[in-house]
Structures are given as structure tokens and as C-alpha cells.
Amino acid sequence: ERYNVFVDLGAADGYYGIGVLVNKLFDKSYCYEVTEAGRAVIKENSILNGVESRVTIRGEATKNIASEIPAFERENSILFVDVEGAEFNIFDSDVFRDFEKSIIFIEIHDFFHPDGEGKFQKLLNDAKATHSVKFIKMANRDLSVFPEICDWNDHDRWLLCSEGRAKLMTWLRLDPLSDL
């Protein structure tokens, strides 16, 4: 109940940033999207779904993100971060401190960088002062529960679930130490 602000870094077309409002999971959403076309689609989708007054659309997320979101909203926010490798440019110990009361989910794209392992380790070390860290890996999936795709062949059913990644992805869930 405490978390009523959703911050979506790498919002693409606004699927999550708008979806959480339509489903009444959050009161407000910030959608950060680097492409102008993506921001235009988010705006259009927010209007079509009647939530435009509750969505703030911004461009590229940077280390200055905390200055763009009021402190009282940061204290009640959940961040969803899928920025294709830019997570290492955005998050450091200062940014984690700025969001020390927020729950943060980050998809890790270390394989996009020559020193990805080092960047990943630095991100983990920077987070430890303010957040506990849990690793999330893909689990078993049961597609038989979806009658719409039961007649599809195996390749098409599993292609539906694929992002075409080069490796098994890792997500982090960072929970505020102040809540423990």
C-alpha cells in the first residue's frame, strides 16, 4: 500500500508504466524513454487509456533522476529498470541513496560491455549500503494453461516467450535496508 509511484526506466511503449495505472496498482507513473517515437506512443497510449494526467513522460534517465522526482514520491516508489546496459551509467551509490526507500528491479545487461563483470560488481557494491539484493532468474514456464496457444506448434509457443537474448538474463530486486 505504501508504494504508489511507479518509475519505469526504459519504458518503450508504456506497457508497464501505463498498465500499472489502468489496473489501479499505482497512483502515478514516470515513464523514461530515450526515443522520441517511444515517448509519442506512451503519450498516445496514456490518452487512449484515460490515464494521461497520472503519467509523466521523460527522455533519457540519467544520474540526475532524483532531482526530477520529488523526495516524497521517491520514498513511495518502485523502479522498474530495463535500459539495455545503461543501468551501469545511471546507478551508483549516490543514486541508490537517493532511492534508499524505494524497491528497485533492474535487468542486468553486463554482456553488452567489455568490462561487464566489473560494472556488475560495482553496481552490486554500490547498492549494498542501502538495499538488500536478491537475484531473479527465469523459472519454469507452463504454457499449457493458455488455451489460445495450445494448437500452436512448439516453436511458435516458445517463440512467444523469447526476447531473443544472447544468454539467460538476470534481474535484481533491491529492497530498502530501512524496511528490514
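**An aromatic pair and its surroundings**

Guide: Phe80 is buried, with a relative accessible area of 17%; buried means under 20%, exposed over 50% and partly exposed in between (1.4 Å probe, protein chains only). This is a predicted model, in which local features need pLDDT of at least 70 and side-chain atom pairs count only at pLDDT 80 or more, while totals for chains, interfaces and linings use all residues. Residues are numbered from 1 along each chain as its sequence is written, and side-chain values use heavy atoms, without hydrogens or water.

Tyr16 is partly exposed, at 43% relative accessible area. Rings of Phe, Tyr and Trp (its six-membered ring) pair if their centres lie within 6.5 Å, with planes under 30 degrees apart stacked, over 60 edge-to-face and the rest tilted. The count comes to 8 aromatic pairs. In one of them, the centres of Tyr16 and Phe80 are 4.8 Å apart and the planes stand at 50°, so this pair is tilted. Because Tyr16 belongs to helix H1 and Phe80 to strand E4 (residues 77-81), the pair ties together parts 64 residues apart in sequence; helices (H or I, at least four residues) and strands (E, at least two) are DSSP runs, numbered from the N terminus. Ring pairs also link Phe6, Tyr15, Tyr16, Phe26, Phe80 and Trp171 into a cluster.

Helix H1 (15-22) has a further partner: the buried residues of H2 pack against H1, strand E2 (28-32) and strand E3 (55-58), contact meaning heavy atoms within 4.5 Å. Those buried residues are Gly38, Ile42 and Ser46. Seen down the axis of H2, they fall within an arc of 75°, so they line one face; the arc is taken from the directions from the helix axis to the C-beta atoms. The face turned away from this buried side carries exposed Glu36, Ala37, Lys43 and Leu48.
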